Amino acid sequence: MHRTAVYIICSPRPLVGKTLIARLLTEYLLLKHGAVAAFDINLKEPSLLEFLPGVTETAEVDDTFGKMQLMDRLIVNDGVAKVIDLGFHAFDEFFKMTGEIGFMKEAARRGVSPVILFVADTDRVSARAFPILQQQIPPTALVTVDNEHVVRGELPAAMAGGRVLRIAALPPFLKTYVDRLTFSFTQYLRNEKDSSTELHQWIRENYFSFRELELNLLLQGS
């Protein structure tokens with residue numbers, strides 16, 4: 001049975017690189033499959049909608065109607081991968097909602113495979129939030145993102161025991177370069193002839209990590 005992936009990039013903390021990861025993943029899926037549906041749940045810029053307006057729409061979880069609209073889109077097994085850039089302000093409300101409606105079980109019943117990408121940090125808010133996710137999300141669907149720009153050193157022990165996706169830190173001058181609204185990771189790969197550049201290798205490594213994530217989903221669904 002064909003399954004549709006839903007990637008939820010989240011953190012209860014701001015400024016952990018969540019939108020950067022959502023951009024990378026969205027561009028990878030667009031390159032790999034030719035289609036992706038992205039949802040932006042953020043209060044402030046920079047947001048996914050600003051970077052990828054052609055494939056991104058805003059979503060709300062502040063009221064019942066907005067929640068229903070979003071869930072209706074996420075539990076459709078239409079073969080088009082979904083990416084949700086979940087703002088820190090909506091973290092608690094979103095996962096309270098998914099727990100109450102039994103989102104994980106309903107998604108599985110409909111042939112949808114959610115993957116929660118939790119961007120790690122060493123603060124108390126993240127330390128409290130992660131066990132709550134562990135109670136709701138199966139271990140195979142919960143991935144800790146070790147963004148080395150945020151966590152300088154070892155991951156907190158509680159977050160290091162399961163599946164981990166590592167994002168290497170970029171030098172400040174390259175971080176400024178990719179943070180431009182007009183920048184595209186895929187276009188850079190296509191246009192930059194020198195594949196030995198640090199940015200070229202960084203993008204390729206992250207795309208490879210996302211491919212491994214997809215392959216794991218296929219194995220789980222088989």
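These legends walk through several close-up views of one predicted model.

In this predicted model, local features need pLDDT of at least 70 and side-chain atom pairs count only at pLDDT 80 or more, while totals for chains, interfaces and linings use all residues. Residues are numbered from 1 along each chain as its sequence is written, and side-chain values use heavy atoms, with hydrogens and water left out.

**View 1. Helix α4 runs alongside helix α6, the two being roughly parallel.**
Here we have α4 (residues 91-101) and α6 (residues 124-136); helices are DSSP runs of H or I with at least four residues, strands are runs of E with at least two, and both are numbered from the N terminus. Their axes come within 11 Å and cross at roughly 20°. The axes are lines fitted to C-alpha atoms, for helices over the stretch in contact, and the angles run from 0 to 180 degrees between N-to-C directions. Angles under 35 degrees count as roughly parallel, over 145 as roughly antiparallel, 65 to 115 as roughly perpendicular and the rest as oblique. On the α4 side, look for Phe91, Phe95, Thr98 and Gly99, which meet Ala129, Leu133 and Gln136 of α6; contact means heavy atoms within 4.5 Å. Sorted by class, this contact has 4 nonpolar, 3 polar and no charged residues. Ala, Val, Leu, Ile, Met, Phe, Trp, Tyr, Cys and Pro count as nonpolar, Asp, Glu, Lys and Arg as charged, and the others, Gly among them, as polar.

Now α4 turns up with another partner, α3 (residues 64-74), at an angle of about 65° and with the axes 12 Å apart. From α3 come Lys67, Leu70 and Met71, and they touch Glu93, Phe94, Met97, Thr98 and Ile101 in α4. This contact has 5 nonpolar, 1 polar and 2 charged residues.

**View 2. Asp85 and Lys18 pair up in a salt bridge.**
Side chains of opposite charge can pair when their charged atoms come close. A salt bridge here is a side-chain nitrogen of Lys or Arg within 4 Å of a carboxyl oxygen of Asp or Glu, and the structure holds 11 of them. For Asp85 and Lys18, the N to O distance is 2.5 Å. Asp85 sits in strand β4 (residues 82-86) and Lys18 in helix α1 (residues 18-33), 67 residues apart. Asp85 has 0% relative accessibility, so it counts as buried, and Lys18 is buried too, at 7%. Buried means under 20% relative accessible area, exposed over 50%, and partly exposed in between (1.4 Å probe, protein chains only).

**View 3. Lys32 forms a salt bridge with Glu214.**
The closest N and O atoms are 3.3 Å apart. This pair links Lys32 in α1 with Glu214 in helix α10 (residues 198-221), 182 residues apart. Lys32 is partly exposed at 43% relative accessibility, whereas Glu214 is buried at 12%.

**View 4. Asp146 and Arg166 tie two strands together.**
Their closest N and O atoms are 3.5 Å apart. Asp146 belongs to β6 (residues 142-147) and Arg166 to β7 (residues 163-167), so the pair joins parts 20 residues apart in sequence. Asp146 counts as buried, with 4% relative accessibility.

**View 5. Leu15 has a positive phi, near 60°, though it isn't a glycine.**
Find Leu15 in the loop between β1 (4-10) and α1. At 84% relative accessibility, Leu15 counts as exposed.
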